[in-house]
Amino acid sequence: GDMHGLVHTALRRFVRDAAGSAAWRRVLDTLRLDNDTELLELRQHDDALTWRVLDAAASELRAPLDATLTRFGGSFIRYLQASTHLRVLESFGDDMYTLLENLEALHHTLERSSFRETSFPTFGVSRNESGAVRLSY
């Protein structure tokens, strides 16, 4: 699936917080972009573009991609917590399993209604007899 501009917006914040605005400008330069207007549009973006942004960010932060992804994951959660998205997420359930089930349902509903041009990620969530949660993406 393709990435939505929300991820790019959070990624810009991550790079700026970690290394400053000049670092984000250098990421854009690496991508040969004059500005980040199109990149940050809240619409569908090709995964290849998102990976190019992540690679450029990792290079700028002088960190391996996997470490950058881990740091960005934490930053993305904090980004959601600081926004109105947290209230929505909190309404999805009291535990991670229920939240993931409801998030999948939300994505399906949004695809069929107001975001027909967008392909949200799909995943399955199940629990085995010991209670362990399995997430497939």
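Predicted model: local features only at pLDDT ≥ 70, side-chain atom pairs only at ≥ 80, totals over all residues.
Which residues have the most contacts inside the largest nonpolar core?

**Entry 1: the main core.** I found 20 residues in the largest nonpolar core, and those with the most contacts inside it are Val15, Trp24, Val27, Val53 and Phe72. I then looked up which elements give two or more residues to this core: they are H1, helix H2 (21-30), H3 and helix H4 (65-82). H1 gives the most, with five residues.

**Entry 2: around Val27.** I picked Val27 and listed what it touches, leaving aside residues up to four places away in sequence. Its partners are Val15, Val53, Ala56, Ala57 and Glu60.

**Entry 3: a second core.** I also came across a separate core of seven residues, among them Tyr97, Leu100, Leu103 and Val125.

**Entry 4: H1 against H3.** Next I turned to helix H1 (residues 5-19) and helix H3 (residues 47-60), whose axes lie 11 Å apart at an angle of about 5 degrees. Angles under 35 degrees count as roughly parallel, so H1 and H3 are roughly parallel to each other. From H1, the residues His8, Leu11 and Val15 meet Leu49, Thr50, Val53, Leu54 and Ala57 of H3. Sorted by class, this contact has six nonpolar residues, two polar ones and no charged ones.

**Entry 5: His45.** Is His45 buried or exposed? I noted a relative accessible area of 3% for His45, and under 20% counts as buried, so His45 is buried. His45 sits in strand S2 (residues 44-45). A polar atom of its side chain lies 2.9 Å from the backbone oxygen of Glu41.

Terms used. Residues numbered from 1 in each chain as written. Heavy atoms only, no water. Axes fitted to C-alpha atoms, helices over the stretch in contact; angles between N-to-C directions. Helix = DSSP H or I, 4+ residues; strand = E, 2+ residues; numbered from the N terminus. Parallel < 35°, antiparallel > 145°, perpendicular 65-115°, else oblique. Contact = heavy atoms within 4.5 Å. Nonpolar A, V, L, I, M, F, W, Y, C, P; charged D, E, K, R; others polar. Buried < 20%, exposed > 50% of the residue type's maximum accessible area, 1.4 Å probe, protein only. Polar contact = N/O pair within 3.5 Å; in protein donor to acceptor, adjacent residues only side chain to side chain. Core = buried A, V, L, I, M, F, W, Y, C linked by side-chain atoms within 4.5 Å.
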